[in-house]
Amino acid sequence: MSTRPVLLMIVPPGWGRFWQEPLAAGNVQAYVHGQDLYAPGDIEYALGFRPKPGFLKTLPNLKAVFSLGAGIDGFLTDPDYPRHVPLVRFVDDTLSTEMAQFVVMHVLIQHRSERMYAGAQREAKWRQAMLPRATENTRIGMLGIGEIGAMAAERLRDLGFPVSGWSRTRKTIPGIKSFAGAGERDAFLEQSDFLVCLLPLTPQTHHILNAQLFAGLPKGAYVINVARGGHLVEPDLIAALDSGHLSGATLDVFETEPLPETSPIWKHPKIVATPHVAAITSPAVAAKSVVDGIAALQRGEPLKNVVDLDRGY
Ligand code: NAP
Ligand code: GLV
């Protein structure tokens, strides 16, 4: 009989093959839900992103659940999540680096009027313009300054932007101003020419990007949402763009994914929309962190990056 740890992958059709090999290399017996035959009682570990609500509770011998992503809202919206089972989120420098690249890229596309120059090239027009605002006067506000927000903030700071972050608890990051808690939120917003959302999706942050928040931003502010679609009230964003209060937005995540073809977001002239690709978890890297986590647990050591289920992230 095999003594290998047994893991179930709950992933979209076709994804299992990317994971099975690196997991097998780590001596983990990995089954793919919906593809392989397995006995629910044999499953000790699960790996997924947004499992169907109620499914995890059908696995009676789970020892840990690993998230394919940094965000774990897809587990916590399951009212039947087995709360005695630790949930481990994916925290990795490669993922944070890709996220930081995406944020920096979209700040620079707007800051350097890249879309205007792309349009001028299409028309063969030599159209020179000054920067809309000097870099040292272009203030970036990170809504959420955790693993990913802090890296993006540091990269932008290093490019000469004044950067601040808003979080639940106070941060000490060289060169970055910290705002903490509900009481400092308005002061944070009013000094954010770019607002980058990198909050986890929790009951406290659901629909936080709404008309009232947009009204607290300086006129002409630009919004980047790379966290979760559930943070944003999409009609409120469109209204703030159409009124001219906001100058534009980059959205990588949406309340409904895939974004329906009929959504006005696709064709809005002030919105850049990408299909949830700011960072894509690498199976090889994430499989290694799962293998390392299982090994730690088997040695009786504590797991890293365990989610605080009560806090919601
Ligand atoms: P994290 O390390 O948990 O950081 C979360 C930050 O949000 C922390 O600074 C935290 O404050 C703050 N926060 C949470 N609740 C708050 C509240 N109610 N009020 C104020 N601040 C609050 O998360 P992360 O690893 O940086 O990831 C952030 C999110 O990015 C993920 O949850 C996921 O949704 C998203 N993501 C998206 C993609 C993509 O491809 N688009 C890829 C990866 C991740 P404290 O530091 O004080 O706790
Ligand atoms: C992707 O959205 C993630 O949470 O890693």
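Student: Which residues are around ligand 2?
Tutor: They are Phe49, Gly69, Ala70, Gly71, Arg228 and His276. A residue is near a molecule if one of its heavy atoms lies within 4 Å of it. Keep in mind that this is a predicted model, where local features need pLDDT of at least 70, side-chain atom pairs count only at pLDDT 80 or more, and totals for chains, interfaces and linings use all residues. Residues are numbered from 1 along each chain as its sequence is written, chains are lettered from A and ligands numbered from 1 in the order in which they are written, and side-chain values use heavy atoms, with hydrogens and water left out.

Student: How do the residues around ligand 2 divide by class?
Tutor: Two are nonpolar, three polar and one charged. Here Ala, Val, Leu, Ile, Met, Phe, Trp, Tyr, Cys and Pro count as nonpolar, Asp, Glu, Lys and Arg as charged, and the others, Gly among them, as polar.

Student: Which polar side-chain atoms lie by an oxygen atom of ligand 2?
Tutor: One belongs to Arg228, at 2.7 Å. Another belongs to His276, at 2.6 Å. The backbone takes part too: an N or O atom of Ala70 lies 2.7 Å from an oxygen atom of ligand 2.

Student: And how much of ligand 2 does the protein cover?
Tutor: It covers 85% of the 190 Å² of accessible area that ligand 2 has on its own. Such areas come from the Shrake-Rupley method with a 1.4 Å probe; for residues, only the protein chains shown count as cover.

Student: Switching to ligand 1. Which residues come nearest?
Tutor: Arg89, Glu147, Thr169, Lys171 and Tyr313, out of 29 residues around ligand 1. By class, that shell has 14 nonpolar, nine polar and six charged residues.

Student: What supplies the largest share of the shell?
Tutor: Helix H5 does, with three residues. H5 (147-158) and strand S7 (163-167) each supply at least two. Helices (H or I, at least four residues) and strands (E, at least two) are DSSP runs, numbered from the N terminus.

Student: Where does Tyr313 touch ligand 1?
Tutor: An N or O atom in the Tyr313 side chain is 2.5 Å from an oxygen atom of ligand 1. Arg228 turns up again here: a polar atom of its side chain lies 3.2 Å from a ligand 1 oxygen. Taken alone, ligand 1 exposes 940 Å², and the protein buries 92% of that.

Student: What sits over the ring of Tyr313?
Tutor: The charged end of Arg311, 3.8 Å from the ring centre. The rule is NZ of Lys or CZ of Arg within 6 Å of the ring centre and within 35 degrees of the ring normal.

Student: How many aromatic pairs are there?
Tutor: Four. One of them is Tyr45 with Phe66, tilted, at 6.4 Å centre to centre and 45 degrees between the planes. Rings of Phe, Tyr and Trp (its six-membered ring) pair if their centres lie within 6.5 Å; planes under 30 degrees apart count as stacked, over 60 as edge-to-face and the rest as tilted.

Student: Why does that pair tie together parts that are apart in sequence?
Tutor: Tyr45 lies in strand S3 (residues 45-48) and Phe66 in strand S4 (residues 64-67), so the pair links parts 21 residues apart in sequence.

Student: Is Pro269 buried or exposed?
Tutor: Exposed, with a relative accessible area of 64%. Exposed means over 50%, buried under 20%, and partly exposed in between (1.4 Å probe, protein chains only). Pro269 is in the loop between strand S11 (246-251) and strand S12 (271-273).

Terms used: Polar contact = N/O pair within 3.5 Å; in protein donor to acceptor, adjacent residues only side chain to side chain.
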